[in-house]
Amino acid sequence: MNAVYDGYSMSSLSNGMSELKVDQSKHKKRPVHIHHQQPASQTSAQFHQPASSQPFLPPQAAFSQQPQSPNFVQGSSQIGTPQMGTPPLGVSQFGTPQGQIQSPGQLHQTFSPPSNLDPTSVPDIRYETDVMFDSKSFLTFANVCPPLAGTQYTVVDQGNASPRFMRMSMYNVPATEKLRKDTGLSLGLVLNPFAPMQEQEKPIPEVDYREMGGPPRCRRCRAYVNSTMQHTHDYRMICNICGFSSPIPSEYCSPLDPSGVRIDRNQRPELHLGMIDFLVPEAYNIDESIPPNPLHHVFLVDISNSSVRRELHKAFANAISMSVLKGYPKGAKISIIAYDRKIHFFNLSLDSNQVSIATVSDLEDPFLPFFDGIFVDVEAGRIHIDRALQSLEMMGEYSEPEPAYGAALRYALLALEHVGGGKVTALLSALPSWGPGSLKGISPSQRLTSELETEALTAKNQYYQKLSKDYISASVGLDLFVVSSASVDLSDCSLVATSTGGSVRSFFNYEVARDQKSLCISLLDSIQAVKGYQSQLKVRCSAGLQVTKYLGSFKSSNSDADPLIPIVTSNTSVGCLFKHDGKLSTKNDAHFQAALLYTSADGVRKVRVINSIISVTERIADVFAFADQDATLALELKEHLGRIPEVSLVGLRNRLTFDLVDINTYYKLKVVGKSSADQQLILPVGLRTLPMFTLAATKTRAIRSAPSNNTDLRVQSILDLKSFTLEKLAVYLYPILINVLEIDEDACQYTSTGHFQLPPGTRLSRQNLMHGGAYILFNGLKVFFWIHSDVNVLLLQDVFGQNVSSLDSIDPNLNELPELDTGISLQLRNLVSFFAKSYLNSSFVPIQICRFRRDGAEVEFMENLYEDSTPDKLQSYYDFLNHIHSLIKNKVAVSSEKKNQMNGQMMEMNHLG
């Protein structure tokens, strides 16, 4: 059977694999166990072409084939040819490597990586950065540029917030808007206010200033007291944001030491740390007369035919049961509502020994059938919750074919708006074609043109648009789980979730045996990820700058309005862009403060304050030297994807490429100049892999040119790109690929510093897949285990058990590796567990078995090899570098021609004068 995955078939995959040449000259590294060694006839056969030197020339020119070993000359902009055959790139000496301790006055010192690592290879850069920070901490004031997103590092807060919580797009702010435009870079930040922390790091301190009316604030701009506000002897504080002098409350006054520092500085966390939680009084409540409640949670369970057939309601019940066992914050309450064509309320009242169900069929005029018993305290009502879940699992016998999803969301809102808001977690298994908000979707037989597909990517249903506004007004957020092989019109169904700070997770090829645990754990993670609700964000910046827009999963995204975010979680990611409205002085730093007002899950009103201090420069070389690729790319994707459907997918791909060309053209003209040959592509060191990540973004399901058989696949990918944290986005755009046969014996375990020893990665190309090999690939969503047909059977038995004698003996529906008492089994299970914990903040990430030329999932695995060309004619990384270099050279030539014309005109005018 020729399986088809989103436009690609197994036959096209086989054709692509068969075209690969076999290298007979290279041998792989020492395997983990000697008995995994392949026979002599197989070890030399690899999916790899011989390494060759290919100097960077225009696309139409011939390439040299003389062998050359990679090299990196310190203090030079010349880098040898990567093993993958990528053209030689110049990483300019004007740049500063990320993570290196360096002051702005040391811009021309260069970092020399080990000779066996390629400084333009994403896996090598990641590996070197991990090694670098295994033995040292990141000091938030002494260090300038943070490590790459996803790096394992321990942060020491020195009054500047950890980059995990607030990451700037540049760590040297241009003094003027003209200077910023001359770089082509965005000035902005990416905020993840509840990012998970390393176990070695100190928790965020809480300070209670409720009795004094709240924390001290600037009288003019309302900034919160922080470590860089100056204090005077007459008990006033000078705001680091706007410069205004405000009186200090008498309860907060303190003498100063001879150097002008408060003597209680070390006793007050907000005066020496960059991040703090302030407990605030009633004046900060949404309604001062109503105290905030602990979080109320509504579980909305689809029990229509398609859900029952896949036993989804049972998976949902298991997730709720597990969440109760793990515990909720004190005072938290939950409600359980099932729906098909009708809405079914579980009465969880503690006054009754039985759990009854009230069914409502009126979908147009919603009302609550009862009040007492809709919610129950988790601790007090465990028995009632268990009984309700047992009843839920048995409700499928008389289920109906269509889910009234729109009406069910309205009923959930009705329950929560009486308690000050909360969270809804909903399950949807089919197109909601019944009741209010019913949708038609796109017919499978309908020919999907690019224009029609672009239109289908945006929510247009007025019912869900109004419902999302009502959810925001009531401080209610939604997490949506979609399990359907057919389209559910995800753009409309997800609107409420993407407008309220929620998340959307889709399972398109759901198999009960393989995916039920993954669904259950995903639901559990969603429940536990919630950190608060009733949230509002305000970002303040130094005079001379202003906020132009916020970007994220909330209604006011792509505007400068301070966002209202009904729910905030450990995965909440918000972008913020700035522009100059004046000139910044290089004598002063630029200051940024994000203040998130929220109600914690246990019902306490707080303000989380995050501060960042950045130096100011008038030199364009300094701006490029301290540019941050992770934040720059995330802001660019959030902004451009928010313009759909006004901008077509073709226009979006072109815009990403042109932005990349503009940045590197400005760098060539303004920084590098004539210091290098035109035949070499020179990249700023902090942005040296930006071309790779930009190319990868255009190859994702969100943006790529291949028309999708299911528009929901593209919608889900767009939502992922817009909402992922920086760590997750990094591995989504460049997945981690690890050769199982090259894992060292001491890898895949934790060091004395608490860091995981991640094996070196492999570049994402079919050329690097060895004959008889096995590979682990993690893309932020799942783990793929690709296994070649000629893999050593002893390796299979060490990983899957003694009963496995061949590739055909492996169960393709495995979702996790079996626990075996072998070294490689332990290493691989540790590796998968590390991915789940570090990137997903979860205890589980599903495994997808991909057997060579056997499983349809192999197509999806190959789609993640972003350095290769694609069947829909998207370029390989090597060809893409040729393409952008050609565009850069053209722009440089045009700029030089204009400059020469202007000089000629000036000379002519002077001559006439």
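**Entry 1: helix H8**

I started with H8, where 11 of the 12 residues are buried, so this helix is largely enclosed by the rest of the structure. A reminder to myself before going on: this is a predicted model. The buried residues of H8 include Tyr405, Gly406, Ala407, Ala408 and Leu409. Further along H8, I also noted Tyr411, Ala412, Leu413, Leu414, Ala415 and Leu416 as buried.

Next I checked the span of H8, which covers residues 405-416. At 1.5 Å a residue I should get 16 Å for its 12 residues, and the end C-alpha atoms sit 17 Å apart, which agrees.

I moved on to E18, residues 343-347, and asked how many of its residues are buried. The count came out at 5 of 5, and I wrote the strand down as mostly covered. Then I looked at each face of E18. On one side I found Ile343, Phe345 and Asn347, on the other His344 and Phe346, and they are all buried.

Which strands does E18 pair with? One is E17 (residues 333-339), antiparallel to E18 over 3 bridges. I followed the chain between the two and found a hairpin, with 3 residues joining E17 to E18. For a landmark in this pairing I picked Ala338, whose bridge partner in E18 is His344.

The other is E19 (residues 356-360), which runs antiparallel to E18 and is joined to it by 5 bridges. Here my landmark is Phe345, standing opposite Ala358 in E19.

**Entry 2: two open sheets**

I traced an open sheet of 4 strands in the order E8-E10-E27-E25, with antiparallel pairing. Its edges are E8 (166-168) and E25; each has a single partner strand, so one side of each is left without a neighbour in the sheet. From one strand to the next I get an average twist of 25°. Looking at the E8 end, I counted 3 bridges between E8 and E10 (residues 188-191), antiparallel. Met168 stands opposite Leu189 in E10.

I then went to another open sheet, again with 4 strands, ordered E31-E33-E34-E35. The pairing in this one is mixed. E31 (736-739) and E35 (847-851) are the edge strands, each pairing on one side only. Ignoring direction, neighbouring strands here are turned by 20° against each other on average. I wanted an example of a parallel pair and found E34 (residues 783-787) with E35, over 5 bridges. In that pair, Ile787 stands opposite Arg851 in E35.

**Entry 3: H15 against H16**

I looked up how H15 (residues 629-641) and H16 (residues 649-672) meet. Their axes come within 11 Å and cross at roughly 150°. Anything over 145 degrees counts as roughly antiparallel, so that is how I logged H15 relative to H16. I also noted the crossing as right-handed.

**Entry 4: salt bridges**

How many salt bridges does the structure hold? I have 34 in my notes, and I looked at a few of them.

I began with Lys423 and Asp479, whose side chains meet in a salt bridge at 2.8 Å, N to O. Buried or exposed? I found both Lys423 and Asp479 buried.

Then I took Asp562 and Lys538, which form a salt bridge at 3.4 Å, N to O. These two also come from distant parts of the chain, 24 residues apart: Asp562 is in the loop between E25 (545-551) and E26 (564-569), and Lys538 is in E24 (residues 530-541). Asp562 has 26% relative accessibility, so I put it down as partly exposed. Lys538, at 32%, is partly exposed too.

Asp622 and Arg619 came next, with their closest N and O atoms 3.3 Å apart in a salt bridge. I have Asp622 as buried because its relative accessibility is 6%. Arg619 is partly exposed, at 42%.

Last, I noted a network of salt bridges linking Arg655, Asp659, Asp662 and Lys891.

Key. Residues numbered from 1 in each chain as written. Predicted model: local features only at pLDDT ≥ 70, side-chain atom pairs only at ≥ 80, totals over all residues. Heavy atoms only, no water. Salt bridge = Lys/Arg side-chain N within 4 Å of Asp/Glu carboxyl O. Buried < 20%, exposed > 50% of the residue type's maximum accessible area, 1.4 Å probe, protein only. Expected span 1.5 Å × (residues − 1). Pairing = 2+ DSSP bridges. Axes fitted to C-alpha atoms, helices over the stretch in contact; angles between N-to-C directions. Parallel < 35°, antiparallel > 145°, perpendicular 65-115°, else oblique. Left-handed = near helix turned anticlockwise from the far one by under 90°.
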